[in-house]
Amino acid sequence: MVKKKTKTKFKKEKKIILGGKSKETAREKMIGQHIGYRYDVNLLPDYKKITPFLKKYVEAMGWDDLNWLEDVHMGYEEDRPAVFCRNANGWVTIPKSIKLPDNQQDRDMIARELLVKFQMSPKHPLVDLKKAYLKF
Amino acid sequence: MANLKATEKKTKSQSMGMHSEVLTGRTQQKFFNPDEGENLYYFGTYDVDFNKRTELDVKEMTAPEANKEIDNLMSQGFGTIVIKNPQGKHSLGVGILNKLNLIFEGSLGYFGMGSCDGPTVRINGRVGWSCAENLMAGKVVIEKNAGSCFGAAIRGGDLICKGSVGARTGIDMKGGTIIVGGDAGAFTGFMMQRGRIIILGDVGINLGDSMYDGTIFIGGKIGSFGSDAVPSDLTDSDQDWLKRKLKVAEIGEKFDVSKMTKIVAGKKLWNYDNLEPHEKKGAI
């Protein structure tokens with residue numbers, strides 16, 4: 001019996017695009033895999049895009065700039081926009097009802113605002129953990 | 001590595017050009033609630049007032065006693081605390097998860113200001129090893145020199161040393177900014193994963209050794225580059241950011257940032273596990 005030749009089509013992985021810019025490097029081509037985080041970790045914030053809530057937060061904390069929030073960016077998880085919460089060590093997905101702008105700088109500011117609200121919430125997962133495990 | 005698979009479906013994040021792949025198996029299924037209140041501080045932390053000031057002499061106290069007293073003062077609403085006679089004690093001011101204006105009149109020993117999240121700290125002296133280790137957020141300013149492992153594993157915030165620092169500055173850092181007004185020792189930015197380091201003076205050998213990501217800016221001479229640390233172009237955005245950050249740090253405001261050297265990761269150490277069979281094949 002002659003075996004039927006089947007053509008195996010390998011779909012080429014699409015390029016990772018962050019902030020509208022292709023990031024595929026020669027190294028990525030060689031290993032056939034995207035390397036890096038789910039956003040450009042080195043993207044510096046555009047302070048012109050700061051939101052009123054973030055201004056209020058920075059002022060309340062007595063800082064001169066976004067401080068730790070400079071490292072917060074909008075990424076994705078489970079095929080949806082998400083922001084990484086380092087305290088809960090997980091991605092917090094953005095609800096569909098929130099409309100996101102089409103550029104990374106604006107999205108990052110929204111991610112920062114949402115993350116602050118999430119972390120300061122009495123419903124944050126660490127609040128329960130603290131109640132259960134706080135020793136001193 | 002996370003599982004990569006191609007997808008035909010164009011979802012919200014894809015249509016915005018954020019990615020073109022699906023990463024599965026990592027989610028914790030946490031969803032942001034759009035009706036969340038506008039709280040500015042962690043739940044259960046103290047409501048302190050920066051204008052309410054007090055002094056604390058820790059000469060006769062042990063480090064745990066001093067740290068408990070700082071906590072006690074915060075619970076009374078003091079937002080500015082001046083610590084007298086720290087006398088190089090180790091582990092002072094650790095684990096503060098509150099907004100606070102903390103001033104040390106003297107020098108600290110090892111692991112000062114470790115694991116803090118939020119306070120603004122000024123140390124009018126020197127610090128020992130691993131100052132502000134695991135800093136999450138806030139601003140720590142050291143007026144004189146710092147020891148080795150300055151800002152080890154920090155994840156956020158600004159850590160500023162107006163003098164010089166020892167070896168392994170920013171080792172394993174995962175975010176935040178370290179700014180040094182003077183020189184830095186060997187292995188600066190060793191195994192850094194993200195964040196930024198600014199050194200206005202010279203650095204020792206093996207700069208950025210085994211760095212995975214992040215950026216290092218050097219104003220002076222570089223002893224030697226470490227494994228996978230490569231020079232990169234300084235952009236206008238970098239220069240604007242450097243000028244702003246140095247102003248915040250109160251050092252080098254007149255420093256010519258355009259002459260700084262930018263160092264990034266060559267990213268040849270990434271995906272070691274995936275690459276290994278490929279390289280093994282080549283070797284055989």
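pLDDT is the predictor's confidence in each residue, from 0 to 100. I noted that this is a predicted model, where local features need pLDDT of at least 70, side-chain atom pairs count only at pLDDT 80 or more, and totals for chains, interfaces and linings use all residues. Residues are numbered from 1 along each chain as its sequence is written, while chains are lettered from A and ligands numbered from 1 in the order in which they are written.

**Confidence.** I looked up the model scores: ipTM is 0.85 and pTM is 0.84. Chain B has a mean pLDDT of 88, with 84% of its residues at 70 or more. Over residues 1-7 of chain B, pLDDT stays under 50. The model has 16 contacts (C-beta atoms, placed from the backbone, within 7 Å) beyond four places in sequence for that stretch. Where pLDDT is low, the predicted coordinates should not be read in detail.

**Chain B sheet.** I found four helices and 14 strands in chain B; these are DSSP runs, helices being H or I of at least four residues and strands E of at least two, numbered from the N terminus. Eleven strands form an open sheet of mixed pairing, in the order 4-5-6-7-8-9-10-11-12-14-13. Two strands pair if DSSP finds at least two bridges between them. Strand 4 (49-57) and strand 13 (229-232) of chain B stand at the edges, each with a single partner strand, so one side of each has no neighbour in the sheet.

I then checked one pair. Strand 5 (residues 78-84) and strand 6 (residues 101-105) of chain B pair in the parallel sense over five bridges. V82(B) stands opposite I103(B) in strand 6 of chain B.

Technical notes
Two residues are in contact if their C-beta atoms, placed from the backbone, lie within 7 Å.
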